[in-house]
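Dear colleague,

Here is the structure I said I would pass on, with the sequence alongside. My notes on what was found follow below it.

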Amino acid sequence: MPKNKSHSGAGKRFRVTGSGKILREKAGKRHNLEKKSSKVTRRMTGTVELAAADVPRAKKLLGR
């Protein structure tokens, strides 16, 4: 059985923790920051765990 290649874009977007959880960055903090309130931009910082429904697809893309 041949090996599967991991998706290079997914490798840049997701990070796998030691316990196997998949983390992602929050969306929306790249542009148009002048019109967004400080409260909103603070809320968009950091990483969060990937939704349970998206985990199987992400694992497949990461080659796990």
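Thr41, once its neighbours within four places in sequence are set aside, is in contact with Lys29, Leu33 and Lys36. Please bear in mind that this is a predicted model, and that the values below are computed from it. Thr41 lies in helix α2, and because its relative accessibility is 16%, below the 20% cut-off, Thr41 counts as buried.

Asn32 sits in the loop that runs between β2 (22-25) and α2 (38-43). With a relative accessibility of 46%, Asn32 counts as partly exposed, and its phi is near 55 degrees, a positive value in a residue that is not glycine. For context, most residues other than glycine have a negative phi.

Turning to the overall layout, the protein has three helices and three strands, and these follow the pattern α-β-β-α-β-α when read along the sequence. The radius of gyration is 15 Å, well over the 11 Å that the globule rule gives for 64 residues, so the protein is more spread out than a compact globule. In keeping with this topic, the C-alpha trace spans about 50 × 20 × 20 Å along its principal axes. Buried residues make up 14% of the 64 residues, and the accessible surface comes to about 5,700 Å², of which 50% belongs to carbon and sulfur atoms.

The three strands form an open sheet in the order β1-β2-β3, with antiparallel pairing. Because β1 (14-16) and β3 (47-49) stand at the edges and each has a single partner strand, one side of each is left without a neighbour in the sheet. Neighbouring strands of this sheet are turned by 35 degrees against each other on average, direction ignored. Between β2 and β3, which run antiparallel, there are three bridges, and Arg24 has Val48 in β3 as its bridge partner. Helix α3 (residues 55-62) packs on the sheet, where it touches β1 and β2, and its direction makes about 95 degrees with that of β2.

Finally, the core: which residues make up the largest nonpolar core? It consists of five residues in all, namely Ala10, Ile22, Leu50, Ala58 and Leu62. In soluble globular proteins, nonpolar side chains tend to be buried together. Leu50, leaving out residues up to four places away in sequence, touches Phe14, Ile22, Arg24, Val55 and Ala58. Across the protein, among contacts between residues at least 6 apart in sequence, 48% join residues at least 24 apart.

With best regards

Methods
Residues are numbered from 1 along each chain as its sequence is written. This is a predicted model: local features need pLDDT of at least 70, side-chain atom pairs count only at pLDDT 80 or more; totals for chains, interfaces and linings use all residues. Side-chain values use heavy atoms; hydrogens and water are left out. Helices (H or I, at least four residues) and strands (E, at least two) are DSSP runs, numbered from the N terminus. Buried means under 20% relative accessible area, exposed over 50%, partly exposed in between (1.4 Å probe, protein chains only). A nonpolar core is a set of buried Ala, Val, Leu, Ile, Met, Phe, Trp, Tyr and Cys residues joined through side-chain atoms within 4.5 Å. Contact means heavy atoms within 4.5 Å. Two strands pair if DSSP finds at least two bridges between them. Axes are lines fitted to C-alpha atoms, for helices over the stretch in contact, and angles run from 0 to 180 degrees between N-to-C directions. The radius of gyration is taken over C-alpha atoms; the globule rule is 2.2 Å times the number of residues to the power 0.38. Accessible areas come from the Shrake-Rupley method with a 1.4 Å probe; for residues, only the protein chains shown count as cover.
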